[in-house]
Amino acid sequence: MTPPLTSSPSSLKRRGFLGIAGAAGAAGAGAVLLGAGAAPVASAAPAAPGNVPADPFRLGVASGDPLPDGVVLWTRLAPKPLDDDGGMPRRPVAVRWEIALDERFRKVVKRGVEHAVPAEAHTVHADVRGLRPHHEYYYRFRAGHAVSPVGRTRTAPAPGTSPTVDFAFASCANWEQGHFTAYRHMAGERPDVVFHLGDYLYEYAAGVNGDVRTHHGDEMNTLAEYRARHAQYKSDPDLRLLHATAPFVVTWDDHETDNNYADLSPENGDAGQGNDTTAHFAARRRAAYQAYWEHMPLRRLRKPVDTALPLYRRLEFGATATFSVLDTRQYRTNQPYGDKWQVSGPEQWDPKATILGDEQHAWLERSLSRSRSAWNVLPQQIYFANWDAVAGPDDGGYNDGWDGYRVSRDRVLGYVEERRIDNFVVLTGDVHNNWTNDLRRDFERPETRLLGSEFVTTSITSGGDGSATHDPGRVYWDENPHTKYYSSRRGYVRCSVSRDRYTADYRVVDYVTRPGAPVRTDKSFVIEAGVPGVRDA
């Protein structure tokens, strides 16, 4: 849900990509066979090279969830991406991967084989280990006689080290409402890692949500439909380029399954969408989660079981930053007041309501307490600060966000305050506009202690071009003294984090309804370590 408001591409660096590699890369002295995490192989033998269709790598390559010694490598074999089977035979296919120190693969350091199986849409999730920390690598795949495009990835820093970490985060890419130009600009900046905070795609039927481009098919509710929509989005060259440039850390919001769903409660009771009974919606969620795992660079241990996919996780980038990635959708209770905008009252303080669930809450507290990094960062989906758009004493609220779950938010901020968690930063997507907020346990009392800050990224395309305004309306400034910045353009946030300083640049494009918009920095903020609150850079 998007709450209402009252109110020349940069050139890529040469070292980017060879596209399709023509010659075989020679194995370096350290080459080994590493098959850990391979998909279970069906009883039938893998397809022989001559049985693999031509051009099976049309959806590109990706990497994700970097560790100091490893990374996940992803691809999907799909010569006909929008077909139910992707154009692949109904049998396993052996897929060879290799990872090298150079993009021409003269110095291959690891190689292995995975088996892409029909039950997983012929996707590959190779969990490569034994790599050097904070190091750049290149990778590719082979199936039959076909060779994939080349991807670049980077491992996380080693424990105890404190290099500067450069990353970007993004959210909300609606195919029908614009072009993914911002992804191309992000790729040109070659970040160490990209955090995608949800609404990677949208579930709506063709033509329902925009007219810049058209979705394929009806509103998704079957596994085949979710797979086809993921394939359509990965057919976008700007998104494929970004995936091939930097590792992703992903988490979802609602549109990967169904707008504004909460656990097993759908948005509506439409039988045509599979929302009329809990059993039918569970089947829809099961299909959405399966397709999401298949198409994201996630480890095999995160493969969904029935309707559950364990997505919250912790990634340490040396002593610089610990990222505690949240899932605010899968475990939440239903939104208060029927999810109505700026309707407030005791339901927002229901002690039984939760946005994380007890297990994830406890995990987050352990993650924060065990962190030895300078910065404690929460990549998550939903507006975290209080969002008051009602004049006067009523403190309003965005009930699909943390405002609807105030006991949950108070538990998080209370833990940060009482345990004196340093340098606490929340990263947010969802709301299709840029915002910057300072965080207090009591947002109605601006004199209370600052505990951290929230950077909210706008959308990649959702909402169309937006406008040039930086003014959400007088009531927003009057009722939300913790808010420091607003913009309604599209784009992403670029961050550079050292032990002493966190810098955030709001990167925007002025239009998405046609391709080719240049990118610019609209606003920059700095947080000094040990000094809560943002200031202008």
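Leaving aside neighbours within four places in sequence, Phe-180 is in contact (heavy atoms within 4.5 Å) with Ala-173, Asn-174, Trp-175, Arg-213, Tyr-233, Asp-236, Asp-238, Leu-239, Ile-460 and Thr-461. The model is a predicted one, in which local features need pLDDT of at least 70 and side-chain atom pairs count only at pLDDT 80 or more, while totals for chains, interfaces and linings use all residues. Residues are numbered from 1 along each chain as its sequence is written, and side-chain values use heavy atoms, with hydrogens and water left out.

Phe-180 also belongs with Tyr-183 and Met-186 to the residues with the most contacts inside the largest nonpolar core, which has 44 residues. Such a core is a set of buried Ala, Val, Leu, Ile, Met, Phe, Trp, Tyr and Cys residues joined through side-chain atoms within 4.5 Å; buried means under 20% relative accessible area, exposed over 50%, and partly exposed in between, with a 1.4 Å probe and protein chains only. At least two residues of this core come from each of strand E9 (165–170), helix H1 (181–188), helix H2 (223–234), helix H3 (237–243), strand E11 (248–250) and helix H4 (278–295). Helices (H or I, at least four residues) and strands (E, at least two) are DSSP runs numbered from the N terminus. H4 gives the largest share, seven residues. Another core, of 32 residues, lies apart from it and includes Ala-353, Leu-378, Ile-382 and Val-416.

Just after H1, Arg-190 adopts a positive phi of about 50°. Strand E20, for its part, holds Asp-505, which is buried because its relative accessible area is 13%. Not counting residues up to four places away in sequence, Asp-505 touches Tyr-492, Val-493, Arg-494, Thr-521, Lys-523 and Ser-524.

Turning to the sheet, seven strands form an open arrangement in the order E12-E13-E14-E15-E17-E16-E18, with mixed pairing; two strands pair if DSSP finds at least two bridges between them. At the edges, strand E12 (313–317) and strand E18 (483–487) each pair on one side only. The twist averages 20° from one strand to the next. Five bridges link E12 and strand E13 (residues 321–325) in the antiparallel sense, with Glu-316 opposite Thr-322 in E13. Strand E17 (residues 450–456) is mostly covered, six of its seven residues being buried. E17 pairs in the parallel sense with E15 over five bridges, where Gly-452 is the partner of Phe-424. Strand E16 (residues 434–440) runs antiparallel to E17 and is joined to it by six bridges; here Leu-450 partners Arg-440.

Helix H5 (residues 358–370) lies across E12, E13, strand E14 (375–379) and strand E15 (424–428), at about 180° to E13. Axes are lines fitted to C-alpha atoms, for helices over the stretch in contact, and angles run from 0 to 180 degrees between N-to-C directions. H5 also packs against helix H6 (residues 406–418) at an angle of about 20°, with the axes 11 Å apart. The two helices are therefore roughly parallel, a description that covers angles under 35 degrees. Residues making the contact include His-361, Leu-364 and Leu-368 of H5 and Arg-411, Val-412 and Tyr-415 of H6.

Definitions and conventions:
Angles under 35 degrees count as roughly parallel, over 145 as roughly antiparallel, 65 to 115 as roughly perpendicular and the rest as oblique.
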